[in-house]
Amino acid sequence: MARSSDIEELKASVIGEIEAQRHQLRDLSLKIHSSPELGFHEVKAVAWLTRYLEENDFSIERGICGLPTAFTGSYGRGKPAIAILAEYDALPELGHACGHNLIAGSTVGAAVASKLAIHRFGGSVLVIGTPAEELYGGKTIMAEQGAFNNVDMAMMVHPAVHDAATTQALACIGLDIEFLGKAAHAAASPEAGINALEAMLQSFAAINSLRQHIKDKARIHGIITDGGQAANIVPVHSAGTFIVRAEDDAYLDELKERVLNCFIGAATATGARLEYRWSKVRYAPLHNNLTLARLFRQNMQSLGRRVLLSDPSKAFGSTDMGNVSQIVPSIHPNVAIAPKEVVAHSPEFAAAAASEAGIQGMLDAAKALAMTVVDLVANPEIAVRVKREFRRQ
Ligand SMILES: [Zn+2]
Ligand SMILES: [Zn+2]
């Protein structure tokens, strides 16, 4: 084990290294913010990020897992292999309203600064570029294809309205629904029709009833994407898309069946034929490695931020980092970039992602990540504790 004075000195050096990158990281994150790209189309962001890493001696592999905008950048050899994950996709209409431009900046900044720790103690640091977090769960595909199999631990920091070392994220799956009825003149011969829209409306009513009697934190929400063709035709087709979320996988399985029964019941009641398709992508709940989270928290607090161990907000979403956290010990802390009344996926959050508070959050996140890398490579027994906790989960 390294002497604690050595570790403190090295932490001061990685902080200095991030300060030295301040202008470049700021430019990089603002450039990504002002050219928002949707999931799997993050061509410019990936070009900028990989160029930056290459200029800093990382070896780059592009298009991994068959995804053109996924990549790895690696530095050093051997164990521990510490992955820092980058996201860089934006939202339709809203641009970078989830602040993924800041995730990208903090990740590459932390990785470049971590080179000092790798030189001193060995090990390796990997940037894993993960596309399409918002719309398609890029990490779920990458996890299935083994992108995290040779990694010992994975970290990333997400912009938020609280400083917290852990995140609550739910298991989640999408559901596409169609009802097929029978067209008829809605006034002249309604008795000849089968109403596909009524089947959809009854499904919503059944789900609303179900919602009263499900566990806290479970969520069911959806929209109608086709409600019929004309007011004087009995709707022959209706379609909708839904999302079901739960705190754990077992309850998600149970809820899936109960939600599906709402549609089956509506089909029976109306005579419409039901067709449904569960999405191939299923988000796993996020498992926070508390040994890693506490290390990160301590490092973030040393920068003068007050960091809670658990996120106090009741805003439970889902993230594809959940799937990574089932394979390797992981953390997905939050860094505050806006006042707590601002909500993610809003124009206000998009503005915060390009604000001075956003840039400061990105730099602090980069520093705390790099300091955590120092802890992990300098103290092999911490890595053992991290893994022991993971095996018990
Ligand atoms: Zn996000
Ligand atoms: Zn988001």
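Let's start at the metals: C98 bridges the zinc ion (ligand 1) and the zinc ion (ligand 2), and the two ions lie 3.1 Å apart. The pair links distant parts of the chain, with C98 in the loop between β3 (81-86) and α3 (100-121) and H158 in strand β6, 60 residues apart. (Helices, H or I of at least four residues, and strands, E of at least two, are DSSP runs numbered from the N terminus.) Keep in mind that this is a predicted model, where local features need pLDDT of at least 70, side-chain atom pairs count only at pLDDT 80 or more, and totals for chains, interfaces and linings use all residues. Residues are numbered from 1 along each chain as its sequence is written, chains are lettered from A and ligands numbered from 1 in the order in which they are written, and side-chain values use heavy atoms, with hydrogens and water left out.

Which atoms hold the zinc ion (ligand 1)? They are C98 (SG), H100 (NE2) and H158 (NE2), at 2.1 to 2.3 Å. Donors here are N, O and S atoms within 2.8 Å of the metal (3.2 Å for Na, K and Ca), and since water is not among the atoms, sites may look incomplete. Along the chain these donors follow the spacing C-x1-H-x57-H. Both C98 and H158 are buried; that word means under 20% relative accessible area, while exposed means over 50% and partly exposed is in between (1.4 Å probe, protein chains only).

Now for the other ion. The zinc ion (ligand 2) is coordinated by C98 (SG), E134 through two OE entries, and H345 (NE2), at 2.1 to 2.7 Å. Its 4 donor atoms make angles of 53 to 144°, and the site is irregular. For four donors, tetrahedral would need all angles between 85 and 135 degrees; four count as square planar and six as octahedral if opposite donors are over 155 degrees apart and all others between 65 and 115, and anything else is irregular. The donor residues are spaced C-x35-E-x210-H in sequence. Here too the pair links distant parts of the chain: E134 sits in the loop between β4 (123-129) and α4 (138-144), and H345 in the loop between β12 (334-336) and α9 (347-352), 211 residues apart. E134 is buried, at 17% relative accessible area, whereas H345 is partly exposed, at 37%.

Those two residues turn up again in the largest pocket, where E134, R245, G317, S318 and H345 lie nearest the centre among 47 lining residues. β6 (158-160), β7 (171-180), β9 (237-246) and β10 (273-283) are the elements that give two or more residues to this lining, and the largest share, 6 residues, comes from β10. The pocket contains about 1300 Å³ of space. On a 1 Å grid over the protein atoms alone, a pocket is an open set of points with protein on both sides within 12 Å along at least five of seven lines, a cavity is a set where a 1.4 Å probe fits but cannot get out, and lining residues have an atom within 4 Å of a point. Points are joined across faces, edges and corners, and a volume is the space filled by probe spheres set on them.

On to the strands. An open sheet of 6 strands runs in the order β1-β2-β4-β3-β5-β11, with mixed pairing. (Two strands pair if DSSP finds at least two bridges between them.) Its edge strands are β1 (59-62) and β11 (330-331), each pairing on one side only. β3 and β4 run parallel, joined by 6 bridges, with I82 partnered by V125 in β4. β2 and β4 pair in the antiparallel sense over 7 bridges, and S74 stands opposite L126 in β4.

The peptide bond from K79 to P80 is cis, with omega near -5°, and P80 is found between β2 and β3. A132, in the loop between β4 and α4, has a positive phi near 55° despite being a residue other than glycine; A132 is buried, with a relative accessible area of 0%.
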